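Have the structure open while you follow along.

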Amino acid sequence: MSFIELKNVKKTYIVGGKEFDALDGINMSINQGEFVVILGPSGAGKSTLLNLLGGMDKVTSGSIVIGEDDIAKFNDSELTRYRAHSVGFIFQFYNIMPTLTVEENVNLIKDVTNTSKDSKEILKSVGLLKHADKFPQELSGGEQQRVSIARAIMKNPKVLLCDEPTGALDSKTGIEILKLLKKQSDEDTTVIIVTHNSLIADIADRVIKIKNGKVESNELNKHPKNIDEVKW
Amino acid sequence: MLKRKMFRDIRKNLSQFITIFLMIMIGIMAYSGIKAYMDGMQKTANRFYSENNLQDLNVIGYLNYDDLNKIKKLDNVKDAELKLSVTATTDNDKTLLLNFIESNNISKFYIYEGEEFDANKSGIWLDNFYCEENDINVGDIVLVKYDGMVLYEKVLGKINVPDHLYDTRDESELYPDRKEFGFAYMSVNEITEDYIKSIAMKEASIADEKVFDIVMPNFNYKDHIPFSSVMVDVEDKNNKDNVKENIEDNVSNAKAIINIEDTSSYVSYQGEIDEGKTYVGVFSGIFLFIAMLSVITTMTRVVKNQRVQIGTLKALGFSNNRILLHYIGYGFWISVFASLVGLVLGYFLIGNIFINLEMEFFEIPNGAPSMNISSYCVSVGVILVVALITYITGRSILKENPAETLRTKIPSVSGKTIGITKRGFFKKLSFSSKWNVRDILRNKMRTFMGLAGVVGCCALIVCALGMLDSMNFFVKLQFEDLYNFDYKLNLKENLSNNELQDLYDKYGSNTSQSLGIEIKDIDGKREANNILVTDAGNYLRFVDNKNKIKEKPSDDGVYVTYKLASNKGYKLGDEITWHIYGDSKYYSSKIIGFNKDPQNQNVSMTRKYLENLGITYQPDSLYTNIDLSNTKEIKNVETIQNIDNLKDGMTGMLSMMKTMLILIIGIAVLLGGIIIYNLGILSYTEKEYQFATLKVLGFKDNQIKNIFIKQNNWIAVVSIIFGLPIGYYLTDWLFKTAIEEHYDFGAFIETKTYIISAIGTFIVSYLVSRFLARKIKKIDMVTSLKGNE
């Protein structure tokens, strides 16, 4: 059995009194430590899928088994625990606390889990140790996204979920960020990136394409490219 | 289309607009309500004084028809009427200020029930309040006793009279006791010839009536009625002083001529209005100020939150003026509607409630609130301020180019102030504390407005409760520290030494005398006052400025109350020049000390000092601790007053104060709650995406709630620290400046009041925060984070 198993996952929204299926019976499997890229056009259901995987939203029907738990059956407090211990989030617009310094943002995780790593080491690994005492506003976009990554990996998550992590960055900075994410995957963390940038797919272990709320394809990339070869 | 946008935006931010509406409404309601009540008081009195022809002058003395005719003939005198006022008792030991008149063109009756005054009618017109309290109806027969004269009179009318709006039995009563004391009017024809004859015989020291008839064969009793005053109606009110001088020169029986504005009824009512005018300024001003601070903050934020939409409208080609008008509309219509509701509620709710309370206190008919133009002006001012704030905020956004406007502006985090929070003590703070400290520093204005709102509410609660504490303290000071007796006997006038001795033998010889005087300053200006001559030992005590009981007064000069000394600039060792009413001889007395008196600002001296000046001591009050609870009547004593009854008299006034203060506290708590809620909503809205992020990171709802509530708790605690002393100074200021001239009160606030106010303020703040924090559970992480993007 794969590390992540989605079976017949449906997510239906009511829009203007009418039902709208954002996800329409999704099935997929992802192995532990894989670097996964989920591709699809706008409105395909990528972000909805990521939100369900992250325990930020609940399925209408179906199951999402991560490890041994079916998070689709979790209640609110179980989902909170899941988010606190098992999953790390990286957003397109970083979502870091503007009033906390870099190190404080990372240490924030200590308030939700006691299995967190050492913040200094984490900051060193993302190249931010010298900026530890700065506020996010004093950093560049790429540096802010590194803070977001540091915060996400601080809790040593099983799954790292990234929503367009390079979407607000230039090519060079984007590649730096992808390197950091790939490093996490090499250390056995399952990294799932949602993007509409198909170039990123070249470096992935697995590429899942979604269209109209359905999985169009789910393929293993036998020869993933080296990140330095990617440009956009 | 823009209108539709406006309505939808308002609906989307409904709670913020509802709080803006409520704050403006409450602010205007408080201002216009208290103003309508105060103006209503003034207009009600002016109308009553004018329609019922209140006299301009009271001429006091032993007066007769000759005196009346002399006064009537003087220049600028429109009309004059004689009056004999005596203190009478009833069969059930109530006291009546009984007035005998022969016509009623001056200080005319307002008749609630019964018939007009007619000198030829036999009967009595009674104080309406007294009748209601004692369940007396027109047609009932009441028994009236005075100086041995017993009259059975039919009640002909229940009345109000313009010079009897506020009557107390004597100066030792702070509050009128309507059940025990009232005023009454009868025709002068009701005075019996026998009674007047007996007075004339006593004056002539003739015991035998036959002898008297021989000595005075043409005795006409009416010529010998000892009228106590003449009410004078003056033609040209500006020339009253000339009339006074003319009366002084031409009427030798006139002992004192008193302007109606100096009489206790007039002063008490006017004092209430003057006090109220200060309250209008203070309470309603604070309410309005706090409300406006909060409204301004909210409107600024509302417009700033529309920054991207403003940029979009601009990019679409809308003119700046069109956009500005659109946003001004948000605050304009809300404030117009809120002001209208505030004006209506102010008049009908606050105005009516307050004036009805006053009308239970003063005997004046047809009391009604009156809407003042200033209330409309303040409402227009509020609407303009809201519009102006919206305009200024909108304009500052419009100055930027559309591309810039389309980007969300995040408050700056850099800067020295925030930098401080990375070092030293701050470094050790928990995440939530750091987060809140920095959030406060980033949003100084919002925090300041929150502080101002809660400080104001806390101060108002301290002030309202503190006023009650202070009143209770002064009741204790007056009736336990200064008055150290159980009973006060008000003696009849001109008692002989033998009669006095009889009383001394039975009840002790602790007495005092009150003398009406005029004090002349160095410019020759004379001012009415009184001297308390004490021979009461420890029964009447003096206190110093710190309310500590002073040693026995000395016999070589006079004591002046602190407030009088302060007003007149008297210093220790100064001399004051004075004369007794009815005696033109002036005396100079050295000030040898000061004393504090909460309700009379006067001069005091010992009996020995008075007699050293060559003035005969004639006591008018006797103090005793002998139990007189079963004694109804004492020979040569007009009234017997129990100290407990005097104290109880205050209960009525305190209960009226309580009702008013509860309303004020209620408004303060309501306004405080709304302000905290409103600023909480602002703060919550601005932080929602951060809370959503925390939720995504795995923070529990309670953890996030605590972060949110922590800041509001801090603001409440800091506000309380400032609010408590401000409340004290506000109370002290109100007592020292707003209260009538003859009172000397200051704030005396008990510790428990501070504790109650602090806890009350904190609870309001905490409950509102908890109420708001409920939203955290409902945060939709997906929507909130998307919204921020």
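What follows is their dialogue, feature by feature.

Q: Before we start, what kind of model is this, and how are things labelled?
A: It's a predicted model, where local features need pLDDT of at least 70, side-chain atom pairs count only at pLDDT 80 or more, and totals for chains, interfaces and linings use all residues. Residues are numbered from 1 along each chain as its sequence is written, while chains are lettered from A and ligands numbered from 1 in the order in which they are written.

Q: How many helices and strands are there in chain B?
A: Helices (H or I, at least four residues) and strands (E, at least two) are DSSP runs, numbered from the N terminus. Chain B has 23 helices and 19 strands.

Q: And what share of chain B counts as buried?
A: A residue is buried if 20 or more other C-beta atoms lie within 10 Å of its own, exposed if 12 or fewer, and partly exposed in between, with C-beta atoms placed from the backbone. By that count, 42% of the 789 residues of chain B are buried.

Q: What about A:Ser42: buried or exposed?
A: A:Ser42 sits in the loop between β3 (35-39) and α1 (46-53) of chain A. A:Ser42 has 7 C-beta neighbours inside 10 Å, so A:Ser42 is exposed.

Q: How do I read a pair of packed helices?
A: Two packed helices are described by the angle between their axes and the distance between the axes. Axes here are lines fitted to C-alpha atoms, for helices over the stretch in contact, and angles run from 0 to 180 degrees between N-to-C directions. Take α5 (residues 141-154) and α6 (residues 171-186) of chain A: they pack at about 10°, with axes 9 Å apart. Angles under 35 degrees count as roughly parallel, over 145 as roughly antiparallel, 65 to 115 as roughly perpendicular and the rest as oblique. So α5(A) and α6(A) are roughly parallel to each other.

Q: Which residues of α5(A) and α6(A) meet?
A: Two residues are in contact if their C-beta atoms, placed from the backbone, lie within 7 Å. Among those in α5(A) are A:Gln145, A:Ile149 and A:Ile153, and those in α6(A) include A:Ile177 and A:Leu180. For classes, Ala, Val, Leu, Ile, Met, Phe, Trp, Tyr, Cys and Pro count as nonpolar, Asp, Glu, Lys and Arg as charged, and the others, Gly among them, as polar. The contact of α5(A) with α6(A) has four nonpolar, five polar and two charged residues.

Q: At what angle do α16(B) and α22(B) pack?
A: Helices α16 (residues 444-482) and α22 (residues 751-777) of chain B pack at about 145°, and their axes are 9 Å apart. Their contact divides into eight nonpolar, six polar and one charged residue.

Q: Now strands: how do they pair?
A: Strands of a sheet pair through backbone hydrogen bonds, either parallel or antiparallel. Here two strands pair if DSSP finds at least two bridges between them. In chain B, β13 (residues 526-535) runs parallel to β17 (residues 603-606), joined by four bridges, and B:Thr534 has B:Thr606 as bridge partner. Two bridges join β14 (residues 558-561) of chain B to β17(B), and this pair runs antiparallel. B:Val603 and B:Met605 on one side of β17(B), and B:Ser604 and B:Thr606 on the other, are all buried.

Q: Where's a hairpin?
A: Look at β9 (residues 206-211) and β10 (residues 214-220) of chain A, antiparallel over six bridges. Two residues separate β9(A) from β10(A) in this hairpin, and A:Asn212 in the turn has a positive phi of about 50°.

Q: Last one: how many residues does each chain give to the contact between A and B?
A: Chain B gives 22 residues and chain A gives 28 residues. On the chain B side, α15(B) provides the largest share, six residues.
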